[in-house]
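The report below is meant to be read with the sequence and the 3D view side by side. Please keep both open while going through it.

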Amino acid sequence: MVLQVQEGLLTTSSVRILVATAVPAERDAVARAFTNSDWVDVIAAGVGPAAAAAATALALARTPYDLVVSAGIAGGFQPEAPVGSLVIADEITAADLGAETADGFVPVTELGFGTVTHRPPIALVRALAAATGARTGAVLTVSTVTGTAARATELRARHPRALAEAMEGFGVAEAAAAHGVPVLELRAVSNPVGPRDRAAWRIGDALAALAEGFGKCAPVLESWNRYDPFDD
């Protein structure tokens, strides 16, 4: 269900935005930035691209939105996206949608169907990056989180602009595209992409950075016009 953020006095806006996170902790971090706003709905859509796509599509079928944002914490490729930093996607790419062959991985597009990348409105990405200090680049969607140095190296070789990996962005983007709605992805880095080391994760710090980042994004998002001819 859509969580309407409505604590305290409400503000009004001509834009209506849906933010889709994976889990309640991420949802609550984002919602803290919009406690006085009635133009943002925040949902915990579930973990992974399929759950994210299904929940986002359901929300879009119920309510008209001008923009959908996939948000949460993520692994960051080092050293470009250090722990605690913010990343805004200028490409949302499904990194493992395709086929393994004797010559390596082949994305589904090279098999002759589908899509693997969605591109957010570039002018909006730049405005949000300026407001937050976030890095911009590709954010990869994976169905299996990277847990080895070899896998991290392989992903960077295929996607040299990648800054982060998460599990929901492409699913959210697919649902948004099906409804003709622009999409963004904003992530706070909680851990390096590579060998799995839970002791090195900084989830609390990343959630705090996520809330702070959305607080800085709010004025830009509230004033955004999806029909700006220069935002393509």
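**Basis of the description**

This is a predicted model, in which local features need pLDDT of at least 70 and side-chain atom pairs count only at pLDDT 80 or more, whereas totals for chains, interfaces and linings use all residues. Residues are numbered from 1 along each chain as its sequence is written, and side-chain values use heavy atoms, with hydrogens and water left out.

**The chain as a whole**

The protein chain has 6 helices and 11 strands, where helices (H or I, at least four residues) and strands (E, at least two) are DSSP runs numbered from the N terminus. Its radius of gyration is 17 Å, close to the 17 Å that the globule rule gives for 232 residues, so the protein chain is as compact as a globular protein of that length; the radius is taken over C-alpha atoms, and the rule is 2.2 Å times the number of residues to the power 0.38. Along the principal axes, the C-alpha atoms fill a box of roughly 60 × 40 × 30 Å.

Of the 232 residues in the protein chain, 49% are buried, a term that means under 20% relative accessible area, with exposed meaning over 50% and partly exposed in between (1.4 Å probe, protein chains only). Among the contacts in the protein chain with a separation of 6 or more, 80% come from residues 24 or more positions apart, a contact being heavy atoms within 4.5 Å.

Strands β5 and β9 run parallel and are joined by 7 bridges, and two strands are said to pair if DSSP finds at least two bridges between them. T93 has L140 as its bridge partner in β9. Strand β9 also runs parallel to strand β10 (residues 162-166), with 4 bridges between them, and A138 has A162 as its bridge partner in β10. Together with helix α4 (residues 149-158), β9 and β10 make a right-handed β-α-β unit; right-handed here means that, with the strands pointing away from the viewer, the path from the first strand over the helix to the second runs clockwise.

D90 lies in strand β5 (residues 86-94) and counts as buried because its relative accessibility is 14%. Beyond its neighbours within four places in sequence, D90 is in contact with R119, P120, I122, V125, T136, G137, A138 and R161.

**Side-chain polar contacts**

A polar contact is a pair of N or O atoms within 3.5 Å; within protein, one must be able to donate a hydrogen and the other to accept it, and residues adjacent in sequence count only if both atoms are side-chain atoms.

| Side-chain pair | Distance |
|---|---|
| D90 and R161 | 2.7 Å |
| R187 and E185 | 2.9 Å |
| R187 and E168 | 3.4 Å |

R187 is placed in strand β11 and is buried, with a relative accessible area of 0%.

**Nonpolar cores**

The largest nonpolar core has 32 residues, and I17, V19, F214 and L221 have the most contacts inside it; such a core is a set of buried Ala, Val, Leu, Ile, Met, Phe, Trp, Tyr and Cys residues joined through side-chain atoms within 4.5 Å. The elements giving two or more residues to this core include β2 (17-21), β5, β11 (183-192) and α6 (203-223), and α6 gives the most, with 9 residues. Not counting residues up to four places away in sequence, I17 touches W39, V40, D41, Y65, L67, V69 and L221. A second, separate core of 26 residues includes I43, A59, Y65 and A94.

A176, in helix α5 (residues 169-178), is buried, with a relative accessible area of 0%. Leaving aside neighbours within four places in sequence, A176 is in contact with L60, V68, V181, P182 and V183. A176 and D66 are 110 residues apart in sequence and 9.9 Å apart in space, C-alpha to C-alpha.

P79 is found in the loop between β4 and β5, and the peptide bond from Q78 to P79 is cis, with omega near 5°. Most peptide bonds are trans.
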